[in-house]
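Visitor: I have a structure to look at and some terms to sort out. Can you take me through them?

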Protein chains: 4
Amino acid sequence: MREHKLEIRVSYADTDQMGVVYYGNYLTWFERGRTELLRESGLAYKDMEKQDVYLPVVEASCAYKAPACYDDLIIIKTIVGKIGRSSISFSYEIYRKDGNKLLATGETRHAFINRERAIVPAPEEVSKRLTE
Amino acid sequence: MREHKLEIRVSYADTDQMGVVYYGNYLTWFERGRTELLRESGLAYKDMEKQDVYLPVVEASCAYKAPACYDDLIIIKTIVGKIGRSSISFSYEIYRKDGNKLLATGETRHAFINRERAIVPAPEEVSKRLTE
Amino acid sequence: MREHKLEIRVSYADTDQMGVVYYGNYLTWFERGRTELLRESGLAYKDMEKQDVYLPVVEASCAYKAPACYDDLIIIKTIVGKIGRSSISFSYEIYRKDGNKLLATGETRHAFINRERAIVPAPEEVSKRLTE
Amino acid sequence: MREHKLEIRVSYADTDQMGVVYYGNYLTWFERGRTELLRESGLAYKDMEKQDVYLPVVEASCAYKAPACYDDLIIIKTIVGKIGRSSISFSYEIYRKDGNKLLATGETRHAFINRERAIVPAPEEVSKRLTE
């Protein structure tokens, strides 16, 4: 799977007093998106951790184009990026479902590590399933 | 130590679109308050976990009397409550520093457990230090 | 509508280093539950605010019975409680979907207020729709 | 003022089940840092909003170098970057106080807007105070 779309609803907790979603919360949405992409690729992240493979974020960025508001239905589009020897990237597009307006774009880069926080090679299964 | 006061500043992240602090965030403030009370009693919670003593919350409540707003300086007053065989309670009073206005009160009750989530007796040192 | 069930997925952001959902996050779940109950009753909270009716939380409580863990599917059951002259209560039951295990119960009580934070009577439509 | 240092303590709420601070929370730290830099420059953000000047984030990025852990004392160093006609940038360095270890670096870029979300020029006072 190279792409995945997840629909979520903006809660009151997500907003700030500017009346829009707080900028830090988009990184939580990115996490939700990539988790579901992995799951649908047969790679539940929970199971990866059980096999001693962790994917901490090494770099994250977000460009905010238009605000997401309370009660908006949001589409989180996650796209698999470059899979390196021991790293992987995802990019994200955040849309308001109503009108399909692009609200934000982003990227995260992750290292493959084990429980002792040592870098490990990307498991072959991961590369295989995410490039099919 | 039976009481502790901690001063914090309301951030934008704490607020919601009603222009006040989101109700769930008070529980985070309670945590900050009891952590500092424990620390000043010589019972750093981090060290308790290293000694295989955990204090998960079993019950929590909060009564909201007036809103906390962005950039307010807040006083979190934490008071040690009942220490049972394997439980402990704390109560909390949240004040806006400017004017010393009471904004909220709350309580949390905690169990003493170990890593395997089995109930354990309250360590004698804890009872001793918190009732001095 | 007197009851509503909402299904959500525990994200990494929801967890803490004890490996379970942080206790404050249950209040966000309660919010999600009552928002959807209101919506399905024809009372979108967003529209209530446009009609100058706000429902801030006056009291909240939660009893934690078993931990919710990363990636769990969670059922948030919201039940309408007492509707007073200018207040309303909801109670909540949080289940792990797998095994239908009860993880937590809770309650919130809300005041009906307007933009100026003055208490207002519960709109007749609200009482009507929530007691049908 | 061109630089500011703020000290904060990592709370349990900040952590995730990997036992480290959740990656999205660094953006909240950045916010805390720039708010205090502005305040010490005589530019309380709260007052800017009262004068109809808002500073929403247009771009944010963070590079994670080493994990922040529960109870760590953290130094948030905020540095004023480029001040454009209607934009401003800040960069950030996050240190563990113990050992002065660099944990993360980041940047945010902000637009100057008014209540109606129209772009406005950077107020002269802002440029003046932040470049002194």
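Predicted model: local features only at pLDDT ≥ 70, side-chain atom pairs only at ≥ 80, totals over all residues.

Visitor: What makes chain C and chain B related as by a two-fold rotation axis?

Guide: Two copies of a chain are related by a rotation about an axis and a shift along it. Here the turn is 180° and the shift along the axis is 0.0 Å. Chain C then lies on chain B with an RMSD of 0.0 Å. The two copies are therefore related as by a two-fold rotation axis.

Visitor: Which C-alpha of chain C is nearest the axis?

Guide: That of C:Ser61, 2.0 Å from the axis.

Visitor: How do you know that the copies meet through the same surface?

Guide: Compare their interface residues. Of those in chain C, 100% are also interface residues in chain B, so the surface is the same.

Visitor: Why are strand 1 of chain B and strand 1 of chain C called edge strands?

Guide: The open sheet has 10 strands, in the order 1(B)-3(B)-4(B)-5(B)-2(B)-2(C)-5(C)-4(C)-3(C)-1(C). Each strand 1 (3-9) pairs on one side only.

Visitor: How do you know that strand 2 and strand 5 of chain C pair?

Guide: Pairing takes at least two bridges. Strand 2 (residues 57-64) and strand 5 (residues 101-111) of chain C are joined by seven, so they pair. They run antiparallel. C:Glu59, for example, has C:Arg109 in strand 5 as its bridge partner.

Visitor: What packs on the sheet in chain B?

Guide: Helix 1 (residues 25-40) of chain B does. Its direction makes about 130° with that of strand 1 of chain B.

How values were computed
Residues numbered from 1 in each chain as written. Chains lettered and ligands numbered in written order. Least-squares fit on C-alpha atoms with pLDDT ≥ 70 in both. Contact = placed C-beta atoms within 7 Å. Helix = DSSP H or I, 4+ residues; strand = E, 2+ residues; numbered from the N terminus. Axes fitted to C-alpha atoms, helices over the stretch in contact; angles between N-to-C directions.
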